[in-house]
Every structure is written in structure tokens, then in C-alpha cells.
Amino acid sequence: MRCAVIGDGAWGTALADVLASNGHDTMIWAHETDVAQAIEQSHENRRFLVGLPLAPALRATNDQGAALDGADLVVYATPSQHLRQIARKGSASVNPAAILAVASKGVEQGTLSLMTDVVASEVKARAVVGISGPSFAMEVVARHPTAIAAASSDAGAALTVQEAFASPTFRVYTNDDVIGVELGGALKNVMAIATGIVEGVGLGYNSRAALITRGLHEMTRLGVALGARASTFAGLAGVGDLVLTCTGAHSRNRQLGVEIGKGATLDDALRGKETVAEGVATAQSAMQLAERHDVDMPIVGMVHRILFDGHAAKDAVPELMARELRSEQDL
């Protein structure tokens, strides 16, 4: 297949590397000139995946139209809040028969749209597939066994994405619950910030386990309210991605939470960071979705208060523990 990957961050680069290694004619669009040059000349993304060799066949360009030209599969892997603008800019160059795969994770601020909906509204009349699951980019490039989900209402499109990415170290499962897969990938970043805060204030494994478990419950509750299946959150894009992002050393969102738990302000924690912690923007969007659908999300609410209202991180867990006692199951 001819494949285009739109986005030169670690995740986009890792996906492009998988496709190129699988024998697909793959070109990645890079926003940064130095990234495109490094991939072309030395087969390495020295900005976002330093020290990890990429497939020699992978090509790169700073011209989105050139990357999209003739592509049968287009993979979007930009930061969530820039996705609409980037997809819109390149829409005229997308092959009418192309399948669109969306690897960006988040909920768009303002519209509260999922990422597949953002792409579908800007690049119309194409099948759209959401990609999500527990997957640190550097481990994908290093060929550590990884499994993700490809979700779409178009079964044929999901199957095409599955077959394009499948390799001995990269396993893809199809799914038809797009809302569940997308929300799982977005909300786990908020929970990872919360878990990092718990770690940063000096609490231990009991506290983290409780938070992750109840965080999964909140994610599922919102997902079901939006039309997702509860069972999806027990899968790769739910508990799988949640556990990875809340516990893994490579998690940007968890690390941001650790810094805030230790006393840093949000501005301090974000300063100088080249990569995006998607959970910050998603915390705002998730709060608005919860309010719109009347869903109780105390952990998301507490993260929002800490990030944006100056609430003291050290007070967060005692306040959550003091909430009214209730059944573990929703009635």
C-alpha cells in the first residue's frame, strides 16, 4: 500500500516505521524541517526518538500534499488540539478512496469532538478508523511485542488497517466500538496525571491502585453515557492503556503529575517540554463532557481543580477519601 503518516512526533514516527518495515511505501509528514531531514538522511527522528534507527525505506517531507499524494491509507498522529487545522489544510490532497486512521488521542476543546469525528468532518466521505491501545512509541520501534485496537463502524476499513500494521511484534485487534476505544485513549491521560500526583505527594502503591481502579470506573461511566460499551474499557484501549500510562516510566502525563504533586505549578511543569501531555487539555474537555451528560467524575474533577484552579495537590486524596460512602457498583 501507499501510506501517509501525518505527524512526526514519537507515536506518528513509530507507526510510520511499522508500516515501512511491513513493506508499505510510506512517507511521513513532519512539521519540523530538521525531523524530515534527519529521517531522510540518517533514518532517525533525532528530536522525538533519539537513538532509535528507523526503517531505511521510510521517507519524510515537510510538504503535506506530497505525503498525501496517492496514499491508500492516511494515518493522522498529530497533537489532538492541532488535528482539525492540519487535517483541513491537507484535505484537498487526500485520495477519494483512502482509508483514514486516527492515532491522535484526546477530546477536542470547544466542540468536545472525538478525534475520528474531527477528521471525518474535515476529510469527508472516507472510512475512518480509530487506533488506540497500550503503546509507548520507543518500545514499538524497538520491536517489543505490542497490541492495539483499530475501531471503526466500517468493518472492511478496520480490517485493512489491521492487516497493514500487523507484524510479528505489532498485533492489531479490530473493534466496532469507536466511542469506547477513543474515550479510553483520551481519558487515561487524565488518570495518568492523577496517578502521578499521588506519587508526587509521596503516597504508595495502595493509593495508586485505588485511583487507577476507580479511574477506570469513571472512564467507563462516561463512555456508557456517550454510547460506548462497558466491555470496551476492559480491553486494550481501556484498562490496557490506562495501566501502561499510569505506571510506565515513559508516560509524559504521569511525569507531569509527579512534578505537580511535588509542588510545581502547571506552567512550571509544562515549561521547556518538547512533547505534549495530552491529559491537560483532555481534563478540561472531560469535565465539560461529564457536566453535559450529568456523569459523576470525582477524579477528573479533582485533576481539573489542581491544574486550573490552584487547588493543593496534597489535599486531593484526603478529600476524595472523605466522599460519602457508597456501593462499588453503579445502581
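Biologist: In this predicted model, how do the axes of helix α9 and helix α14 cross?
Modeller: The axes of α9 (residues 205-225) and α14 (residues 298-308) come within 8 Å, and they cross at roughly 105 degrees. Angles of 65 to 115 count as roughly perpendicular, so α9 is roughly perpendicular to α14.

Biologist: Okay, and which residues in α9 and α14 meet?
Modeller: On the α9 side you've got Leu211, Arg214, Gly215, Glu218 and Arg221. They meet Pro298, Ile299 and Val300 in α14.

Biologist: How many of the residues in that contact are nonpolar, polar or charged?
Modeller: The contact of α9 with α14 has four nonpolar residues, one polar and three charged.

Biologist: Let's stay on α9. Is Thr220 buried or exposed?
Modeller: Thr220, which is found in helix α9, has a relative accessible area of 17%. Buried means under 20%, so Thr220 is buried.

Biologist: What is Thr220 in contact with, leaving aside neighbours within four places in sequence?
Modeller: With those left aside, Thr220 is in contact with Ala230 and Phe233.

Biologist: New topic: which residues of helix α5 are buried?
Modeller: In α5 (residues 115-122), the buried ones are Met115, Thr116, Val118, Val119 and Glu122. Look down the axis of α5 and these buried residues fall within an arc of 160 degrees, so they line one face of the helix.

Biologist: And what covers the buried residues of α5?
Modeller: The cover includes the strands β4 (73-76), β5 (99-102) and β6 (128-132), along with the helices α4 (83-90) and α8 (178-200).

Biologist: Now the largest nonpolar core. Which residues there touch the most other members?
Modeller: That core has 43 residues, and Leu256, Ile260 and Leu307 touch the most other members. Elements giving two or more residues to the core include α8, α9, α13 (279-292) and α14. The largest share, 10 residues, comes from α8.

Biologist: Take Ile260: what does it contact beyond four places in sequence?
Modeller: Leaving aside the neighbours within four places, Ile260 is in contact with Ile197, Thr265, Leu266, Ala269, Ile306, Leu307 and Ala313.

Biologist: Last one: where is Leu159, and how far apart in space are Leu159 and Val129?
Modeller: Leu159 sits in helix α7 (residues 155-165), and with a relative accessible area of 38% Leu159 is partly exposed. Leu159 and Val129 are 30 residues apart in sequence and 9.7 Å apart in space, C-alpha to C-alpha.

Definitions and conventions. Residues are numbered from 1 along each chain as its sequence is written. This is a predicted model: local features need pLDDT of at least 70, side-chain atom pairs count only at pLDDT 80 or more; totals for chains, interfaces and linings use all residues. Side-chain values use heavy atoms; hydrogens and water are left out. Axes are lines fitted to C-alpha atoms, for helices over the stretch in contact, and angles run from 0 to 180 degrees between N-to-C directions. Helices (H or I, at least four residues) and strands (E, at least two) are DSSP runs, numbered from the N terminus. Angles under 35 degrees count as roughly parallel, over 145 as roughly antiparallel, 65 to 115 as roughly perpendicular and the rest as oblique. Contact means heavy atoms within 4.5 Å. Ala, Val, Leu, Ile, Met, Phe, Trp, Tyr, Cys and Pro count as nonpolar, Asp, Glu, Lys and Arg as charged, and the others, Gly among them, as polar. Buried means under 20% relative accessible area, exposed over 50%, partly exposed in between (1.4 Å probe, protein chains only). The arc is that of the directions from the helix axis to the C-beta atoms. A nonpolar core is a set of buried Ala, Val, Leu, Ile, Met, Phe, Trp, Tyr and Cys residues joined through side-chain atoms within 4.5 Å.
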